[in-house]
Amino acid sequence: MKYFDKILIANRGEVAIRVMRACRELDIDTVAIYSEPDKNALHVKYADESFCVGEAHPSKSYLNKERICDVARKSAADAIHPGYGFLAENSQFAKLVEDEGLTFIGPSWKTIEALGSKVVSKRMMREAGVPVLPGTPDGVTSIDEAKKIAAEIGYPVVVKASAGGGGIGMHIAESEDQLEEAIDKGMRIAASAFGDPTVFVEKYLAKPRHIEIQVLADAKGNTLHLYDRECSIQRRHQKLVEEAPCPIMTPDLRERMTASAITAAKAANYTNAGTVEFLYANGNYYFMEVNTRLQVEHTITEFITGIDIVKKQIAIAAGEDLPMGQEDVSIRGHAIECRINAEDPLNNFSADPGKIVRYRSPGGPGIRVDSGIHNGYTIPPHYDSMISKLCAWGADREEAILRMRRALYEYVILGVKTTLPLQYAIMRNPHFIAGDTHTHFLQEEHIAKS
Ligand SMILES: Nc1ncc2cc(-c3cccc4ccccc34)c(N3CC[C@@H](N)C3)nc2n1
Ligand SMILES: [Ca+2]
């Protein structure tokens with residue numbers, strides 16, 4: 001069955017190529033969009049057609065909803081895949097695409113809108129019986145009310161932006177006298193970063209783990225989980241290393257967390273691929289948010305389940321029911337992803353764009369490289385610094401680590417500074433090897449200056 005004739009990929013870099021690869025396997029033509037500096041980028045070369053959508057700055061190109069829809073119309077695309085980042089979780093874009101009579105490959109715009117608010121999501125999940133951290137039932141409307149609730153749940157508490165992500169606007173209050181300032185700062189940053197000042201307060205967990213469950217749901221409401229991933233090694237809220245399955249998962253914890261993830265997806269009327277994020281500490285887990293997009297780290301779930309998540313996204317968006325039941329989804333082995341960023345880990349991870357003068361990517365047993373770069377390519381300074389994702393699969397976690405080390409050793413990227421050396425250090429770190437990877441792993445391990 002041909003799901004679509006032509007899909008426009010409204011993104012760049014490795015994720016654009018990833019989606020184009022799924023399309024090529026499904027015999028679907030692809031349309032690339034690119035900004036002026038991306039004229040010679042790999043994703044443009046890979047597509048069947050390509051259109052310039054504007055200048056370098058994302059607001060003039062990759063975030064230009066109208067231009068992108070114009071290109072979709074001009075190229076007679078019948079669906080748009082947003083990738084991740086840019087417009088992937090923009091409900092207005094999803095609505096515009098549907099209003100244009102095209103298919104948005106993702107959940108409905110209403111679901112994206114509801115799950116884009118952490119306050120709405122938490123309330124929805126609390127009512128559905130999914131564990132959520134204690135805190136303010138809605139956005140903060142009065143300091144006194146917030147103080148009363150914080151006193152009930154006990155300090156430290158954390159103030160978070162409801163419309164936000166990536167920890168932006170997140171402020172910890174150790175005691176009542178810090179709460180008002182944390183709320184004021186949080187509201188100011190939330191307003192300027194997300195155009196919505198709504199903040200909420202919840203119990204702060206000292207060293208949680210970030211455990212997330214991949215879900216797939218079709219338009220009939222058949223909802224499956226594709227097991228767990230751990231993404232606790234982050235730096236400034238940017239994930240660096242992810243692995244599947246989570247190394248501390250037990251059968252009981254997996255049963256409880258996957259059931260909660262399915263409940264969450266059903267409560268949200270979720271369709272297509274999504275990720276339910278939880279914080280885990282001392283045997284308890286708490287709903288954090290649902291990511292209504294394909295995630296960077298979907299690769300390691302593909303490795304351990306053998307399921308092509310992007311092809312499933314396309315099939316679901318085309319109206320196909322999921323051909324399998326939960327009993328047909330099993331996992332084998334262990335997979336790890338290392339994000340390779342053009343940043344200098346010894347200079348506060350500052351971006352280091354520029355020309356790649358030597359490039360050799362690894363390969364061999366259990367290795368997967370998803371990148372948008374090649375020898376001679378000049379990394380532009382305008383976009384996210386992630387240039388490649390290196391994944392390693394092994395029969396068990398130990399073999400996955402050994403293979404990742406080997407692949408990091410083989411990987412040659414000269415001309416820009418990268419996080420390759422940092423990743424190599426993490427793969428040799430005793431705490432990582434022991435599976436003891438909690439929130440402040442990097443700072444505590446002093447692997448990189450925080
Ligand atoms: N109530 C409460 N307590 C502790 C938390 C700690 C973090 C956190 C912050 C920084 C790195 C982390 C790595 C793994 C898991 C959590 C974190 C956190 N966030 C929010 C954005 C995401 N990037 C991480 N939210 C938290 N929320
Ligand atoms: Ca998130």
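Predicted model: local features only at pLDDT ≥ 70, side-chain atom pairs only at ≥ 80, totals over all residues.
Me: Why is aspartate 184 called partly exposed?
Reply: Its relative accessibility is 35%. Buried means under 20% and exposed means over 50%. The value for aspartate 184 lies in between, so partly exposed is the label.

Me: What makes the negative surface patch, and which residues form it?
Reply: Asp144, Glu145, Glu176, Asp177, Glu180 and Asp184 form the patch. Asp and Glu count as negative. Patch residues need over 30% relative accessible area and no salt bridge, and like charges are joined within 9 Å. Aspartate 184, at 35%, clears that area cut-off.

Me: Which elements give two or more residues to the negative patch?
Reply: Helix 7 (143–153) and helix 8 (176–194) do. Helix 8 supplies the largest share, four residues. Aspartate 184 sits in helix 8.

Me: How do you know which protein atoms are donors of the calcium ion (ligand 2)?
Reply: For Ca, a donor is an N, O or S atom within 3.2 Å. Glu277 (OE), Glu277 (OE), Glu289 (OE) and Asn291 (OD1) lie 2.1 to 3.1 Å from the ion. These atoms therefore count as donors. Water is not among the atoms, so the site may look incomplete. The spacing of the donor residues in sequence is E-x11-E-x1-N.

Me: Are glutamate 289 and asparagine 291 buried or exposed?
Reply: Glutamate 289 has 13% relative accessibility. Asparagine 291 has 3%. Buried means under 20%, so glutamate 289 and asparagine 291 both count as buried.

Me: Why is helix 10 called largely enclosed by the rest of the structure?
Reply: Helix 10 covers residues 298–305, and seven of its eight residues are buried. Those are His298, Thr299, Ile300, Thr301, Glu302, Ile304 and Thr305. Just after helix 10, glycine 306 has a positive phi of about 75°.

Me: What are the phi values of aspartate 27 and phenylalanine 349, and where does each residue lie?
Reply: Aspartate 27 has phi near 60°, positive in a residue other than glycine. Its loop runs between helix 1 (13–25) and strand 2 (29–35). Phenylalanine 349 is not a glycine either, and its phi is a positive value of about 60°. It is in the loop between strand 15 (343–344) and strand 16 (350–351).

Key. Residues numbered from 1 in each chain as written. Chains lettered and ligands numbered in written order. Heavy atoms only, no water. Patch = residues over 30% accessible without salt bridge, like charges linked within 9 Å, V, L, I, M, F, W, Y side chains within 5 Å. Areas by Shrake-Rupley, 256 points an atom, 1.4 Å probe, with all protein chains shown as cover. Salt bridge = Lys/Arg side-chain N within 4 Å of Asp/Glu carboxyl O. Charge placed at Lys NZ, Arg CZ, Asp CG, Glu CD. Buried < 20%, exposed > 50% of the residue type's maximum accessible area, 1.4 Å probe, protein only. Donors = N, O, S within 2.8 Å, 3.2 Å for Na, K, Ca; no water.
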